[in-house]
Amino acid sequence: MSELQPLSQPQQTAEPLLNVQEMQFWLDKAVAWGQADSPDTQKDTCLHLNRLRDFLQQLLAHINNMSSTAETMKKLPLLGQFLGRLCWNPYVTAGDTCRRLLLQCLWGLYSEHPSNAVERKANQWIRKVLCQLATEEDDGVAQALMKHMGVPAKEYHVNVLKKMVSLLQENIGKSCCSLSDINRRCSCDSILATSDACVPLITCPEASPLIGALLQQPVTCVKEALSEHFLDALSSAYSSWNLSLEEQAVVSLWYHSLPSLEEAVLSLLESVTNTASTPQMLHQQVAQSLLPKACAQHCSMFLVANDIYRSVLKQAEGNESVRSLIQTFTRCFLRELALLQPQTSVSLKAFFPQSPQSLLVPLLTLPSEMPQESWRNHLNWLSGSLQRLTEEEEEGNGDSRSTRGHYKVFETWFLLVQCAHWVQAAVQLLVTSEPEDCGPLLWLLTFYHHPTNRWHHRALQLVRAREAWEHLRSVFLVSARPPIDRLQSLVTPLSSQPQQPSPAPLLTLSLLVNFAVFCQRPLSVSTEVLQMSRWCIILVWLMKQHVFSAHWSSD
Amino acid sequence: MEAVLKNLSSTVELLAVAANSGAANSGAVEQWDKHTMSRAFDWARYCEHVHSRFHNNPAIRRVMEQQLELTNRSLQDVIPGYTEVSFSDLPRLQHLLLIGLLNNPELPISLIKMLFDTRSPLDNMQSEYQDVTGLCSHIIRCKAACKVLSPLTDLSAAGAEVQGRMLMERLGALLSRGSDTRPAEHFLGCVLQGCQGAGRQFCLVITAALLTTKNSAAQTAPREFLLDWLQNKHSVLQSLCSALPATLLIDLAKEHNKFRDAYCDVLKKWASDMEYCISEGEWVQTSTNPTVSFHKLTEKFMALFEACPSLRANTEKELKALKISDGDFDVKGLSVWGDLLSALNM
């Protein structure tokens, strides 16, 4: 095999040289596909589409690396035959990606200024193939009819395609396993066949009603009605924005294919943590992702999403944006759930199986659903319950190796993260609290930021939080002019390296911001205080996070 | 009107330029760029609109036909092997332009790339505006998708339905021009010829045409016309009745009384062509292409009566009269009518 020797000039890219054996393999495949039209050949073609796409990509890079068509044809003499055969294979030309790559290979072989007979012939051949592809009709009768009826080919083919799609849709609607009639043959096989056949058509807009119908047909049979191949292709097309589906079709896709649901949740997480956004933007992002709607319809999806959130939280605890996402997600989810079914209290347990049941309804109720006067009592109760639960677990497990207690604490804390609207309410109330009332609220706030004693030093943080609160109180409420040096002393510990655990900047800053906004002092005082702080940028961000959402949650 | 005629003429000339290479044009298409090509398709689309607007107006149509004749003649002098563009070609002018361009070796490759550009599917969904970019890509995709789906559902049946619908539209248009039915008849004749006789495809198209219009009142004229035409063309009618599956024929009979009667007549004609074959002990058709056995014939009659009960009484009377004319014997093998009556339990 002396065909493929390395070129004398250095390769521009590090692409491995195209293997002649691989070329032969694909050519044999193309020949086999062209000869037979049996269901097996069709299946084989569909199964190989991904690999073919990759091969075409390689081929394209190879062609572009060559300096002339004549050279390409010398290195790969079978290339023309191969591309020609693929052009006439409808499974290859129906899908956008393969068709695009195929055409690009052809463009690569076209020479603007042909310098020899090989190149001139190649040019002619390319033009001929393209002309035939676009204008030739296999059906002579149809062609004659089009001519006499004055119907352009494009309109005709589009209409025939739409007709076929609607016929197939009807078939899907009619066929479903009826458990009452055992004698009737299960029609899941035909649905499976249809879903397999639709794999090359995923990017074809005219076929999307059919794909929607396939996804949304009721799952009545024990057997898997939709081919895995189909679901995989759909989910990768959807996640790379190559596809537009109706909302319900997307929900059905996630329902059928767990990997695509996980992919959607992870991409939402990624998009949220990469870009800073206001609470409104976050809310919009979450709602647009369709995940809350999907989770409201299918409990299993909500559980999967939350499992993903749990593991992300455990890995990146301090990440405030993840916590905001979880809170916004839960809120959107509850809204969707309320739209679906008026009485939500019935099924809440199913959606939150691991959370402490006594705290479910109290935490899930939004502050806006309650008169503001009753917040304090509610928060006191919440704080007390949480405290009891947590301390019980921690005391009961003197053995540091036991994980069960920590699991319960984690679930309690996770539920609080999902319902962080109450934490915001607590911070807001802390501004107007007296020293005798602030205890439970401070505990709640500290627990939110530092859930455990063992790893987060909650008790110590509680003390520091109280100090910070008292300090801020004196700065904002008591003195006429805020003493800047005292403020600096508050801010200084935040900038130093944490030799000892200091109150989380977030906790202190959220207190600071809330004091600035909700204290009864004139605005100028607050702004002056904030301007003095060295943490302006973080403050602005934090303000957007907490204050606007607090405002928004309270109306 | 003057302006319209001028535009029409210019567009046909444009089409000629697009389709023909060589010295006569001094490489005109070679100079084309993206905008020129888009404009050319826009003009072709304009002509398509002109056709749909004025084809029902005989006076204007005549004027346009004359203009086209003039333009054709002048182009024929200049361009060797020029194919004429007639008034009835106008609705497909964009397609003709495309064919001309793609067959022209002088078309710049950049323009071909533009025609075959594969846009992202999201773009396709949003733009209803017929952009020239990706035109060929769209056609290829639709044709390929039809072939991919054809194992699952009958491609020819879907094709026949679409063709049937278009047939009715065209018939409707031709008939609304006036009381002269000759263009409509001519059209049906051309279609018949284009289908190479009354083969299966033609029968499917006619059936689809008759069945798809059941809900629309506006289609009565073309429907009646088609039924009358069918009744008059006996050979076509016979081919229809033998080529199509029984269920389709019954659907047709249910929908259209004229067809029901015509179908019944065909069945009776088949029966009258039968002779009793003693060796087989059965009635067989004597024509060169026997299409139906006696047993099948009775089945067809029974199915017809089940679907159209009103027919039963009259047919019974007719068959009885025919039996009497044959001698009114109750012995098997003497009169096809008698055997038919007893097989049908009448």
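How many salt bridges are there between chain A and chain B? In this predicted model, the count between the two chains is three. One of the pairs that meet the salt-bridge rule joins E206(A) to R141(B), whose closest N and O atoms lie 3.3 Å apart. Polar contacts across the interface of chain A and chain B amount to ten residue pairs, with both partners at pLDDT 80 or more.

On the side of chain A that touches chain B, the elements giving two or more residues are α5 (90-94), α6 (96-109), α7 (117-135), α8 (140-149), α9 (153-174), α10 (188-197) and α11 (208-216) of chain A. Of these, α9(A) gives the most, with 14 residues. Sorted by class, this side of chain A has 36 nonpolar, twelve polar and 13 charged residues.

Turning to the extent of the interface, 61 residues from chain A and 58 residues from chain B take part in the contact. The area buried between chain A and chain B is about 5600 Å², and carbon and sulfur atoms give 73% of that area. Within chain A, the residues that lose the most area to chain B are R127(A), M149(A) and M164(A), which together account for 12% of what that side buries.

As for the chain itself, the domain assignment divides chain A into domain 1 (20-154), domain 2 (186-247), domain 3 (257-353) and domain 4 (370-555). The centres of domain 1 of chain A and domain 3 of chain A, taken over C-alpha atoms, are separated by 45 Å.

Note on methods: Residues are numbered from 1 along each chain as its sequence is written. Chains are lettered from A and ligands numbered from 1 in the order in which they are written. This is a predicted model: local features need pLDDT of at least 70, side-chain atom pairs count only at pLDDT 80 or more; totals for chains, interfaces and linings use all residues. Side-chain values use heavy atoms; hydrogens and water are left out. Domain bounds come from an automatic or database domain assignment. Contact means heavy atoms within 4.5 Å. Buried area is the accessible area (1.4 Å probe) that two parts lose on being put together, summed over both. A salt bridge is a side-chain nitrogen of Lys or Arg within 4 Å of a carboxyl oxygen of Asp or Glu. A polar contact is a pair of N or O atoms within 3.5 Å; within protein, one must be able to donate a hydrogen and the other to accept it, and residues adjacent in sequence count only if both atoms are side-chain atoms. Helices (H or I, at least four residues) and strands (E, at least two) are DSSP runs, numbered from the N terminus. Ala, Val, Leu, Ile, Met, Phe, Trp, Tyr, Cys and Pro count as nonpolar, Asp, Glu, Lys and Arg as charged, and the others, Gly among them, as polar.
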